Every structure is written in C-alpha cells, then in structure tokens.
Amino acid sequence: MAIITQLVVIGAGPGGYPAAFRAADLGLDVTLIDHEKNPGGVCLYRGCIPSKALLHVANIINESEHAKELGITYTKPKVDIKRVAEWKNEVVTKLTGGAGFLAKQRKVNYIQGNGVLIDSNNLKVTKEDGSEENLTFDNCVIATGSRPTEIPGIKVDNKKILNSKGALDLESIPKELLVIGGGYIGLEMGSVYSALGSAVTVVEMMDSILSTVDKDFSKILHKKLTKEFKEILLNTKVLEVKNTKNGIKVQFENNDGKFDHEYDKVLVSVGRKPNSENIGLENTKVVINKRGFIEIDQQRRTNDTNIFAIGDVAGDPMLAHKATHEGRVVAEVIAGEDVAYDAATVPAVIFTDPEIAWCGLTEQEAKDKNIDIKVTKFPWGASGRAITLDRTDGLTKLVFETETERILGVGLVGPGAGELISEGVLAVEMAARASDISLSIHPHPTLTETFMEAAEMFFGNSTHVIRSRRK
Amino acid sequence: MSDITLPELGEGIDEATIINIFVSPGDKIKKEQSVIEIETDKAALELPSPVDGMISEMLVSNGDVIKIGDLIAKVEEGGSTTKEKPAPKEKKKERPKIEEIAEEVVEEKDEESVKVDEHKEEEILQKEMSGRDDKTEPDNVVSIVKDENKVSAPASPSTRKLARELGIDINSIPGTDPGGRISSEDVINYAKNLIANLETTADTHRGTYQPNIPALPDFSKWGEIEKIKMGTVRRLTAENLTMAWTIPHVTNHDRADITELDQLRKMNKQKAKDAGGNLTITPILIKIVSSALKVFPEFNASIDMESNEIIYKKFVNIGFAVDTERGLYVPNIQNADKKNIIDIAVELSDISERTRNKKITPDELKGSTFTVSNLGGIGGTYFSPIIYYPDVAILGVSKSSFEPVYIDGKFEPRLMMPLSLSYDHRIIDGAAAARFLTWLVKALEEPFQILFEGK
C-alpha cells in the first residue's frame with residue numbers, strides 16, 4: 001500500500017531533519033527518509049561531530065604538553081585508542097539517538113531506507129530489509145548531502161587508504177600518515193592523528209594550505225602546524241600511490257623534481273561533491289548544474305515547483321549550519337509562509353588549533369567588488385586574555401565599508417575563534433557599524449575584547465594598539 | 001558633424017529605454033525624421049533628427065537605458081553626398097551585447113549551469129525585445145538566478161523579513177539610520193508612503209500597489225491560456241485607474257438636443273477643414289465645457305487630502321482620450337478657454353495624430369484639469385467614465401441619435417446626445433453636478449448662453 005504524505009524529506013542530515021521537524025511543527029504530515037538508523041547524516045555520523053570529539057581529545061593532549069612551559073609537567077599520555085573511538089561513538093550515538101527521539105516526539109514518519117523519485121509526486125523507498133514501498137507526496141525536499149571526492153587512480157579501501165569516514169573510524173594510529181589535500185578536513189584529521197602520535201605529512205597542489213582562506217589567517221595556522229606535523233609539502237602533486245607490503249608508497253612531484261616516500265596510511269581529503277545522482281532526479285524537472293549541484297531559487301525551490309533542495313546538494317558553502325537554516329526556511333515555504341533564504345552570511349570555521357573562523361566578506365572579496373574598505377587587524381599579542389592563555393598566536397581582522405562604517409566582514413584566527421565568530425555574524429547580519437561594536441562594552445578579560453578593539457582601530461583609537469596610520 | 005543626444009523629455013524624466021532603432025550608419029536622414037523610438041515611464045515616443053544629413057555612427061542599441069544628454073548618434077550634416085547604399089543592417093550588431101551581459105552573468109555566478117544561463121539569456125532577450133528593464137519586479141517573484149555580486153542591504157534580518165512580508169524590495173528603501181542603515185521604521189514609513197502617494201512612488205516601485213487582491217488561480221487548469229506582458233501604457237493605465245477608483249465617484253446622466261448645433265457644425269465643417277482640422281462634436285464640447293468650468297470652478301479643481309486643501313486652477317486644460325494601438329492616451333488642449341472652436345479642432349487633429357504616431361511629448365500628456373471622453377463615434381448610450389486623476393470630474397459622451405421629442409403638442413425628431421458626468425463626490429455635491437450638467441445641456445442647445453452667462 002502506498003504511503004501518502006504531505007512532505008517527504010530525502011536525507012536526514014543537518015538540513016533534512018530540521019526541515020522535517022520544522023514542517024511537522026507547522027502541522028504538516030512529514031516522512032523522513034535516510035539510510036541510517038537515526039537522523040544525523042554525515043555531520044553527526046561521519047563529519048562535524050565525531051571529528052570535533054576527536055579534536056577535543058587532541059586538544060587535551062596538546063594542552064598537557066603545552067603545560068610544561070607554564071611549569072606543569074605531565075608524563076607522556078598513554079593513548080587507549082579503543083576507548084577514544086568508543087567515546088567518540090558514544091557521542092555520536094547520543095546525538096543521533098536524541099534526533100531520533102525528537103523525530104518520534106514530533107510524529108515524523110522516519111523510514112530507514114533509500115528513496116528514489118519516480119516522478120514529481122512519487123517516490124520509491126527501498127528499506128533496509130530489501131522491501132519496497134511507494135510513497136506519494138505533495139512536496140519533496142532533497143537533502144541528500146555530499147560525499148568525499150575521489151582521486152582517479154587512488155582507491156579508497158578505508159584500510160590503508162582512507163577518506164574522512166575511514167579516518168574517523170580510528171582503527172589504528174599509523175606511524176606515518178600522509179594527508180592528500182590541505183583543506184580543512186585534511187588539516188583537522190591531520191591534527192587529530194598528529195596529537196595521537198602519527199608523523200603527519202600534508203601534501204597540497206596549491207601554494208598554501210587552505211588556499212581559499214585569507215592568507216593573514218592561514219599563515220598563522222601554517223606556522224603552528226609546521227611545528228606539529230612532520231612536513232607540509234606545498235606546490236606538490238601526487239603522481240602515484242602504490243600499495244606495498246608494509247604500507248603505501250607515494251610518488252610526488254614538485255619544482256625540484258620527483259621523489260617518493262612510504263607511509264603507513266594515506267588520507268584522501270580533496271573536497272566533497274554533491275549527492276545528486278541515483279535519486280531519480282532525471283524523472284523530474286529538477287535541474288542540476290555542471291558541478292552536480294541542484295539549481296534552486298531563493299526559496300530553495302528547484303525547477304520542479306513542488307520539489308525543493310537544501311544543504312550540500314544545493315550548492316556551496318557545504319556547511320551544516322547553512323543546511324539547517326535552509327531546512328527551516330524550506331519547511332516554512334512549504335507550509336505556505338512567504339519567507340526566503342536571505343542570510344547575509346554563512347560563517348565558516350576550521351577547527352584546527354588555532355581555529356580559523358570568518359564571516360561576511362573577506363578583504364579580497366570586498367576589493368573584488370570594488371567596495372571602498374578599511375581593514376583593521378588586532379593582533380592577539382595585545383590581548384590580556386590571550387597572554388594569560390599563553391596563546392598570542394591569534395588575530396582579529398575586520399573589514400569595514402569606509403563611507404558608511406558598516407562592518408562587512410569578520411575574520412579570526414586563534415583558540416576559540418569558532419565560538420568568537422558568532423558575534424561577528426550577528427554584527428554582519430545586523431549591518432552594524434564600527435561604533436556599534438566599539439561602544440558595546442565587552443567583558444574583560446576575554447578574547448571578545450579583540451573584536452571591540454579591532455572596531456576601535458577603525459577610528460584609530462584602540463586602547464592596546466598604538467595608532468599607526470590614522471591622523 | 002552634429003550629435004543627436006537625448007533631449008529633455010519632461011519633468012521628472014531623466015532616462016529612457018530604447019525600444020526601436022530606425023536608422024543605421026550610412027543612412028541618409030531628413031530633419032524631423034524619426035531616429036529611434038524610446039520609452040519612458042510615462043510614454044513611448046519617437047525621437048526626430050534635428051538636422052538633415054547622414055548617420056555616421058549609432059552609439060546605442062536596442063534595450064539601452066540612456067540618460068538626458070547621452071549621445072545617441074552622430075550625423076554628418078548636409079546629406080547631399082550620396083554615398084553607396086550601406087551594407088545591410090546586420091542583426092548581429094545587437095547580439096554581442098546580449099552575450100556580453102550573459103557572459104558577465106556567468107562570470108559573476110562562477111558556477112556555470114547551462115540551463116540557467118539559457119534562462120538568463122532568454123530573460124535578457126525578452127527585455128531587449130520589449131525594451132524594458134524589469135528591475136522592479138516584485139521581490140516575491142524569486143528568480144532562479146542569484147545575484148551574488150551584491151552586498152545585502154544594510155538592515156537587520158528581522159527588518160529584511162519585514163520588508164519581504166510587505167512585498168517591498170529592501171534595496172529600494174532609503175535608510176535613515178547613521179550610515180544609511182535601514183530600520184524597521186524606515187520600512188514601515190516607506191510602505192505607508194507607497195500606499196499614500198502612489199503618484200510619486202510609481203517611478204521607483206511601479207506595479208506593487210495591489211490592495212489585498214488575492215492571487216489568481218491557475219487558469220490553465222481549465223483550458224489553454226496565453227500570457228502576454230503588459231506594455232507600459234497598459235500598465236500605467238491599470239495603475240492610474242486603480243488609483244482613481246479610490247475616488248468616491250457619482251455619475252449623473254442627461255441628454256442634450258443638438259439638432260441645431262449639429263447643423264451649425266456641418267455648416268462650419270469646411271472652414272475647419274481649410275484650417276487643417278476636423279470639426280466633430282468634440283471640439284465644440286471642449287469649448288462649451290471650458291466655458292462651464294469658468295462658471296463652476298469646483299469642477300476645475302483638485303483635492304489635497306494631505307493638507308486638506310482644494311486647489312482651484314485658474315487655467316483650463318481639457319483632456320481628451322486618444323485610442324492608440326499601444327493603449328489609451330489622454331493628451332490635453334491647453335488653455336482651451338482662450339481658443340475658438342476652429343483652433344481647438346485643428347489642435348485636436350494635430351495632437352491626436354501625433355499621439356498615434358508616438359510623437360507626443362510626455363509634457364503634453366500632463367496638466368489636464370478636466371476630461372472629455374467621447375465614445376459617440378463608436379456607439380452606446382451612457383457609460384460611467386472614471387475620473388482622470390487628479391482631476392475631479394470627467395464628461396462622457398455617447399452616440400447621438402434621433403429621438404421623438406414632445407414639443408409644442410407634437411412629437412418631433414430631434415438629435416439627442418447622451419451625456420454622463422462623473423465627479424468626485426468629496427468636493428462636488430449632487431446638486432452642483434446637476435446644475436453643471438444642466439448648464440452644459442442648455443449651452444449645447446442654445447449656444448448663445450455662453451455669451452450671456454459664460455465667463
């Protein structure tokens with residue numbers, strides 16, 4: 001017997017499940033389909049959450065080592081890798097279980113299985129046990145997310161050659177780990193393995209790690225990682241990856257020529273691509289662009305008027321919090337509200353140590369748009385809080401529109417940048433002006449003061465930075 | 001060498017969209033010959049060449065929006081130099097422009113999508129063809145093409161949401177907070193002004209005035225439909241009439257015996273023809289109405305509800321409806337009270353002709369104080385004309401016909417003309433309207449009355 005539902009959401013990640021929940025709260029009859037036992041998606045099962053759990057572990061190890069310089073010496077920590085993995089899994093289970101409970105509470109019909117669109121109003125679900133069921137819907141939200149991009153010729157087996165999922169499984173700690181790709185996933189996982197004892201090498205084709213990130217931030221992180229990692233190979237290509245008896249032999253090429261090295265494991269992290277195939281989009285009027293993203297409008301509506309798309313499958317930036325916001329918007333649109341996705345900015349955070357976070361326009365983006373800007377940079381060496389943490393490797397950088405004093409962009413590097421950025425997001429969304437920030441009292445001693453003082457620098461009167469240019 | 005530039009087009013108009021180009025480089029051109037057709041917010045018109053000569057360069061393309069004083073073409077004066085026929089007009093000339101725009105769009109988007117680019121190009125093509133720039137489409141019509149090169153308006157998320165709910169493009173709202181930041185108050189004030197003062201906001205935000213009209217159903221459910229974009233004139237007519245409809249209208253009807261007047265008209269027809277005019281009943285009506293307006297000044301007024309004032313106009317400009325293929329135009333005869341009927345007839349013919357040929361200037365379409373709408377040439381008895389805002393009255397004329405009229409104990413065939421006077425009941429009372437209409441009827445029946453009682 002076919003199920004009839006007002007709304008079906010395909011994919012229960014950080015976009016899909018908030019969409020389903022919001023729609024249910026708005027009184028719609030909702031079916032949520034995902035191949036996992038509970039809602040959560042890559043974010044909760046194999047992404048944001050488990051990686052942050054492991055990065056927390058890495059931080060404890062790093063802090064205990066750092067304590068030496070402050071007069072506290074611990075013995076070298078013993079790592080029980082099984083327990084670490086177990087703890088990480090507990091975190092995942094707790095969160096996904098919680099999401100499953102919330103789905104039940106809201107009477108969302110959760111189906112564990114695989115959904116494929118037959119046409120613009122019908123879907124076939126293949127459940128875990130192989131049984132099939134047809135589902136007729138009024139509206140559909142596609143929230144199928146993304147998956148790691150593969151490099152031709154490098155076969156991920158998640159034994160010796162890993163992708164992010166395999167790396168998070170934490171089967172063992174390799175003596176030597178090669179991370180292919182200097183993006184945020186590679187650097188975060190590299191940091192975890194480095195803290196747990198691996199000698200980590202990062203290889204990147206471009207001339208810097210995090211090639212799309214403001215160099216003012218990436219260079220501070222680069223400096224720190226050079227000390228922790230075995231090496232960071234820039235402008236270097238991977239020519240060949242060969243399975244050997246003991247490990248993986250990798251051949252590189254850079255300006256100096258070819259060279260090779262043997263590693264115990266290799267992590268491939270060269271980006272992610274949208275899951276827009278194998279879900280029957282060809283049976284609908286949904287349009288997919290050349291990069292595989294589903295084309296959507298401001299209300300996240302596809303070319304097929306009752307089908308919507310959100311999250312990674314619907315375009316950059318592929319970030320969980322963007323998907324969640326879109327999920328809520330799309331649910332309200334489907335419930336008949338006249339709303340649209342109208343966020344001024346989607347913040348981005350890289351959870352390395354130091355963390356990097358930014359929102360709004362970067363200096364370069366603002367220049368590319370021919371906006372007359374004024375940039376202020378507050379170095380954390382001038383922050384009392386940063387000094388008490390013995391972490392002055394930070395920077396707060398603000399981009400203002402000169403004429404209106406409006407804040408256009410906020411960027412931070414330093415421990416806790418991921419938490420600090422939210423104030424920047426609020427400022428950018430509110431179209432705050434430099435004086436709105438500089439006149440708001442920030443608690444002392446905190447790292448948030450750097451935000452206030454960077455705004456004071458717009459007027460050339462920061463307390464802890466001596467004016468250099470402003471008359 | 002002489003330049004053709006975009007001349008002053010009238011008060012409040014600083015740009016125009018090119019919708020047609022009639023000449024190409026190498027073409028010989030006579031003074032007053034149309035060079036291009038342009039469209040402004042108020043009207044479409046053709047731009048004549050100021051000199052005789054030969055077009056040496058065209059600097060604009062279809063769809064361009066040009067400003068007053070912008071160079072349109074260069075003309076080599078004289079024109080006696082008969083050069084060989086220029087190469088046939090290449091259609092391609094206009095194409096690169098479209099492609100350029102489309103390319104820009106692609107670059108801005110940075111992720112390419114074949115289908116969407118086509119969509120965009122189609123949109124641009126449509127704009128080029130219709131010569132219109134639909135910047136002002138309402139915000140809730142979401143375009144599948146994202147404008148990623150735009151910094152969002154300086155307003156908080158809740159303010160942006162408010163604007164969206166009110167159906168207002170936040171980018172069109174001027175912010176009054178320091179630094180031009182837009183507050184919720186700005187949005188509300190903007191919305192209030194939009195409703196209160198459509199006349200002034202029509203330019204920046206046309207088409208959004210729709211007081212609680214529910215959305216249309218999907219007609220295609222019941223059969224085949226065709227959608228055609230409204231032209232500028234039609235759209236403006238719709239907007240102006242919707243606005244005018246908010247005036248409390250009353251219509252009074254009466255009939256005038258024009259048997260004698262019509263004979264008089266026929267007798268003078270040739271005179272008017274010699275002068276270059278066509279003596280229909282309309283110029284006579286315009287003359288008589290002009291005279292009546294002097295006697296009844298409240299019919300030649302406007303109401304200002306903002307300041308609670310009645311504005312009496314000491315001049316008489318009589319508007320009249322001209323039916324063109326682009327829609328209805330209402331030009332006017334200025335100072336009709338100071339002109340004789342033959343003058344009015346000549347001017348009427350000239351203005352009607354120029355309106356149909358798109359040669360009328362926007363200024364000639366403004367400033368009417370009263371309107372005469374004559375449907376007599378087509379037919380019908382009585383109709384309720386809608387006041388041409390900001391006038392306060394309009395006279396509708398239907399087809400005259402012979403009717404038996406009881407005179408001195410017997411029925412006589414008399415030529416009777418149906419008249420319908422709609423008026424703004426806020427300023428004109430029913431009795432005043434009846435007196436006005438009676439005066440008109442009497443003046444039509446006994447034109448001498450004007451000499452006795454007219455001013």
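Me: What covers the buried residues of H1(A)?

Reply: This is a predicted model, in which local features need pLDDT of at least 70, side-chain atom pairs count only at pLDDT 80 or more, and totals for chains, interfaces and linings use all residues. Residues are numbered from 1 along each chain as its sequence is written, while chains are lettered from A and ligands numbered from 1 in the order in which they are written. Helices (H or I, at least four residues) and strands (E, at least two) are DSSP runs, numbered from the N terminus. A residue is buried if 20 or more other C-beta atoms lie within 10 Å of its own, exposed if 12 or fewer, and partly exposed in between, with C-beta atoms placed from the backbone. Two residues are in contact if their C-beta atoms, placed from the backbone, lie within 7 Å. In chain A, the cover of H1(A) includes strands E1 (3-10), E2 (30-34) and E5 (132-142), together with helices H2 (41-46), H4 (81-105) and H8.

Me: How many residues of helix H1 of chain A are buried?

Reply: Helix H1 (residues 16-25) has 9 of its 10 residues buried. Among them are A:Tyr17, A:Phe21 and A:Arg22. After H1(A) comes A:Gly27, with a positive phi near 95°.

Me: Which residues touch the most other members of the largest nonpolar core?

Reply: In soluble globular proteins, nonpolar side chains tend to be buried together. A nonpolar core is a set of buried Ala, Val, Leu, Ile, Met, Phe, Trp, Tyr and Cys residues joined through C-beta atoms within 7 Å. The largest here has 148 residues, and A:Val9, A:Ile142 and A:Val266 touch the most other members. Leaving out residues up to four places away in sequence, A:Ile142 touches residues including A:Ile10, A:Ile279, A:Phe308 and A:Val313. Another core of 69 residues lies apart from the largest one, and B:Ile18, B:Tyr329, B:Phe370 and B:Tyr423 are among its members.

Me: At what angle do the axes of H8 and H10 of chain B cross?

Reply: Two packed helices are described by the angle between their axes and the distance between the axes. Axes are lines fitted to C-alpha atoms, for helices over the stretch in contact, and angles run from 0 to 180 degrees between N-to-C directions. The axes of H8 (residues 281-295) and H10 (residues 430-445) of chain B cross at roughly 140° and come within 10 Å. H8(B) is therefore oblique to H10(B); angles under 35 degrees count as roughly parallel, over 145 as roughly antiparallel, 65 to 115 as roughly perpendicular and the rest as oblique.

Me: Which residues of H8(B) and H10(B) meet?

Reply: From H8(B), B:Ile288, B:Val289, B:Ser291, B:Ala292 and B:Val295 meet B:Phe436, B:Trp439, B:Leu440, B:Ala443 and B:Leu444 of H10(B).

Me: Is B:Lys358, with its positive phi, buried or exposed?

Reply: B:Lys358 has phi near 60° and is buried, because 21 other C-beta atoms lie within 10 Å. A:Asn235, with a positive phi of about 50°, counts as partly exposed, with 14 C-beta neighbours inside 10 Å.
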